[in-house]
Amino acid sequence: QVQLVESGGGLVRPGGSLTLSCAASGNIFSISMYTMGWYRHAPGKERELVARISSGDVTTYADSVRGRFTCSRDNAKKTVYLQMNTLKPEDTAVYYCNLRIYNYNYWGQGTQVTVSS
């Protein structure tokens, strides 16, 4: 079994910054060959893809966060990061880390990000 644990969520003011971390552990030797991503879910909205990073470090971003968020990875630490800058109230959501291995999706427990003055 693989576990994903997110951390770094919290309350920030509009325009502020926050960095989320996702550490993989358990029955996985390496994350280097897998694409990982960040999703978010806000009340009344569908879960949406925020950012994705491939095994070759190619990143993909939702239009709403492009230019503000940066996704990166440290394969040695089996950790994926999401640097969030210029946060807006509409970024408020529970953020989930995702790892897909073939047809199985692993998910973290989620971390709450609240952007409010």
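What we have is a predicted model, in which local features need pLDDT of at least 70 and side-chain atom pairs count only at pLDDT 80 or more, whereas totals for chains, interfaces and linings use all residues. Residues are numbered from 1 along each chain as its sequence is written, and side-chain values use heavy atoms, with hydrogens and water left out.

Let me begin with the sheet. Strands here are DSSP runs of at least two residues, labelled E and numbered from the N terminus, and two of them pair if DSSP finds at least two bridges between them. An open sheet of four strands runs in the order E1-E3-E8-E7, with antiparallel pairing. Because E1 and E7 stand at the edges with a single partner strand each, one side of each is left without a neighbour in the sheet. On average, neighbouring strands of this sheet are turned by 15 degrees against each other, direction ignored; the axes behind that value are lines fitted to C-alpha atoms, and in general such angles run from 0 to 180 degrees between N-to-C directions.

Looking at individual pairs, strand E1 (residues 2-7) is joined to strand E3 (residues 18-26) by six bridges in the antiparallel sense. Within that pair, Ser7 has Ser21 as its bridge partner, and Leu4 stands opposite Ala24.

A nonpolar core is taken as a set of buried Ala, Val, Leu, Ile, Met, Phe, Trp, Tyr and Cys residues joined through side-chain atoms within 4.5 Å, where buried means under 20% relative accessible area, exposed over 50%, and partly exposed in between, with a 1.4 Å probe and protein chains only. The largest such core has 33 residues, of which Leu4, Trp38, Leu82, Met84, Tyr95 and Leu99 touch the most other members. Several strands supply at least two residues each, among them E1, E3, E8 and E9, and E9 gives the most, with five.

Contact means heavy atoms within 4.5 Å, and, leaving aside neighbours within four places in sequence, the contacts of Leu4 include Cys22, Met36, Leu99, Trp107 and Asn98.

That brings us to Asn98, which lies in strand E9 (residues 93-101). Is this asparagine buried or exposed? Asn98 counts as buried, because its relative accessibility is 6%. Its side chain makes a polar contact of 3.2 Å with the side chain of Asn105, and also reaches the backbone oxygen of Tyr106 at 3.4 Å. A polar contact is a pair of N or O atoms within 3.5 Å; within protein, one must be able to donate a hydrogen and the other to accept it, and residues adjacent in sequence count only if both atoms are side-chain atoms.

My last stop is Arg68, in the loop between strand E6 (59-61) and E7. Arg68 is buried, at a relative accessible area of 10%, and its side chain reaches the backbone oxygen of Thr86 at 2.9 Å. Thr86 itself sits in the loop between E8 and E9 and counts as partly exposed, because its relative accessibility is 45%. Most residues other than glycine have a negative phi. Thr86, however, has a positive phi near 45 degrees.
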